[in-house]
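The sequence and model come first.

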Amino acid sequence: MPFLLRRLAGLVATLTGISLVVFAVMNVLPGDPALTILGLDSTEDARAALSAQLGLDQPVWARYLDWLGGILQSDFGTSYAYRVPVTELILERLPLTLTLGLLASILTIALATALGVFAAARHGKAGDWVTMILSQLGIAIPAFWLSILLVLLFAVTLRVLPSGGFPGWAEPLEALKSLVLPVTALVLVQASVLARVTRASVLEVAKLDYARTARALGLSPRRVMWGHVLPNALVPMVTVAGMQLAGLITGTIVIENVFFLPGLGRLMFQAINNRDLYTVQALVLLFASIVVIVNFLVDMIYLLIDPRLREGRS
Amino acid sequence: MYKIRNLSLSFDGHEAVRSASFDIPRGARLGLVGESGCGKSITALALLGMAPASARVSGSIEIDGQEMAAAPERLWRSYRARKVAMVFQEPLSALNPLKRVGDIIAEPMRLHLRLDRRAARARARDLLVEVGIPDPEARLDQYPHQLSGGQRQRVLIAAALSCDPQLLVADEPTTALDAHVAGRILDLLKRLSETRDMALVFISHDLEAVARVTEEMLVMYGGDIVERGPTAQLLADPRHPYTKGLIEARPRLDALTLRADGAPRPRLASIPGSVPALADLPKGCRFAGRCPIERPACAGLRPAVSVLGPGQRQVRCLAPLLPAKVPA
């Protein structure tokens, strides 16, 4: 499919562009890594020697090409702060953030679909109103503040869940327990947005002629909803869900810091504080790549959903 | 088979259909004629128990002896597709764009007749043949947007026929189609009604189409059935002033072209005024205010139904027109 190839080429070009921007931004930011690493007491000579050792005396374009070449061999450089390869730092923390992000995404989509369909099916009735008011609240409340409330309730008052920290994967049950509150905080906000989009989209499609045709053929409201209305309501939902993933990523940075979870978000926060150039670059590139790849997947999902789009592209 | 008695449908206390009574015998082909807003489409939906939720339904709809006007939705659902099915006006928007033709036709059969996938597909294929779609095997796997307008309408008809209903309701099924395609769809509907001994309620504002398909017709205005009778008789000899106006107002090619001597034809006749809003309909005869032969009593008094001749024809008018002199 030439369309797929075109889209893939675009994907590579976008990622290259992102790497350029990330590198440029990190290199014009003030602050000398050598000074940060060695401290204010260090001598000029020591800092110059370190800069040379780190390759910071090279011209910018040479450093960029060097960095890019490394990335192609999955070498993201060595962290100034931790003195270990950035790849190692990331791989160590990736499972936690990935679990957090995937759990939050799946639950967001499931909860939002259920709530949106529920509200649409009870359009104008009490169930619809309650769902819409709650989702309005969910959108209005900032995730970090909701996290604090959740901690106060479940960790401090009820003492059923940990207030933060992560015990490691050796004890899967405990590990999951420590993820309950962070995931909840992420999901409630995102699902509120998506539920409203789902409801609006479902209501729009339910008015259309083919929904009436399905009813006229004796299909139950449930079959009409799940078999005919919802699939046609998916395109706007997928669009918003795709955009929400970006929100989910920035969300994990905040949430991991609130709950002291040693994931990529927390690593990012610490790396920025430490002027840990290579680590920050790698993380920004990683997060940006995730967003771009998700957008690519969203486009592919459109094609899966709608045969009319498949035809236009092939 | 269908016995409708005093069926009324009202919105906010305003009657969009006012005590309509008629029968639909097995295999009958009944035309329902009137301007938009006269109540014909909502009457049609009521035949499937699908009147809008905001409508208050009263009166009786009896199907094979079963009273259905107040029947629960679940019972209605088991009747749809199996006893009564409907074909709608816009064949593209009436088909789910994400489903293959074969699945659209097969779904009611899998649900109501409990057919398995293969059996339902085989029957869907036969149905496509029956409604006159060439190369049915290939069509089964196509999507609605890949078909022409006429073919889409045939697919919709095939889906409606899938569970062998005794009544097919067709609401302006050809309005959205080209004239020559429309003609073939009309002939198809008539043929299906004959070969399947299936009743047909054909809703249209197009008198030619109604004449082509139906044996009997009801004329609706403002929610009242104002006249009924055998289609040919009624069109040749209308007794209600509204029916007469409708027949005279229909566009004809000879009325639009120049005469042989080059002089323009007289303008098309039209019924003065327009259909009032539901809330503004007169209490008495609905046609009061637009009627050329209106009497002082008409606006306040609902005319009773007069039976004309040997009982086949009925008209709801205080002063029905006299029979036209039909040349022998």
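## Contacts of Ser178(A)

In this predicted model, Ser178(A) touches Pro162(A), Gly165(A), Phe166(A), Pro167(A) and Leu261(A), leaving aside residues up to four places away in sequence. Ser178(A) belongs to helix α8 of chain A, which spans residues 172–206.

The relative accessibility of Ser178(A) is 5%, so the residue counts as buried; the cut-off for that class is under 20% relative accessible area.

## Nonpolar surface patch

A nonpolar patch on the surface is formed by Phe144(A), Trp145(A), Ile148(A), Leu149(A), Leu152(A), Val156(A) and Val254(A). Together these residues have about 610 Å² of accessible area. The most is given by helix α7 of chain A (residues 143–157), with 6 residues.

Leu149(A), one of the patch residues, sits in helix α7 of chain A. Leu149(A) counts as partly exposed because its relative accessibility is 37%, and that class lies between 20% and 50%.

## Cavities

The structure holds 3 cavities of 30 Å³ or more. The largest cavity has a volume of about 90 Å³.

From chain A, the lining of the largest cavity includes Tyr210(A), Thr213(A), Ala214(A), Leu217(A), Leu219(A) and His228(A). From chain B, the lining includes Ala94(B), Leu95(B), Asn96(B), Ile104(B), Glu107(B) and Pro108(B). The elements that give two or more residues to this lining are α9 (209–216) of chain A and α3 (101–112) of chain B.

Note on methods
Residues numbered from 1 in each chain as written. Chains lettered and ligands numbered in written order. Predicted model: local features only at pLDDT ≥ 70, side-chain atom pairs only at ≥ 80, totals over all residues. Heavy atoms only, no water. Patch = residues over 30% accessible without salt bridge, like charges linked within 9 Å, V, L, I, M, F, W, Y side chains within 5 Å. Areas by Shrake-Rupley, 256 points an atom, 1.4 Å probe, with all protein chains shown as cover. Salt bridge = Lys/Arg side-chain N within 4 Å of Asp/Glu carboxyl O. Helix = DSSP H or I, 4+ residues; strand = E, 2+ residues; numbered from the N terminus. Buried < 20%, exposed > 50% of the residue type's maximum accessible area, 1.4 Å probe, protein only. Contact = heavy atoms within 4.5 Å. 1 Å grid on protein atoms, 1.4 Å probe; cavity = no way out; pocket = protein on both sides within 12 Å on 5 of 7 lines; lining within 4 Å. Points joined across faces, edges and corners; volume = space filled by probe spheres on them.
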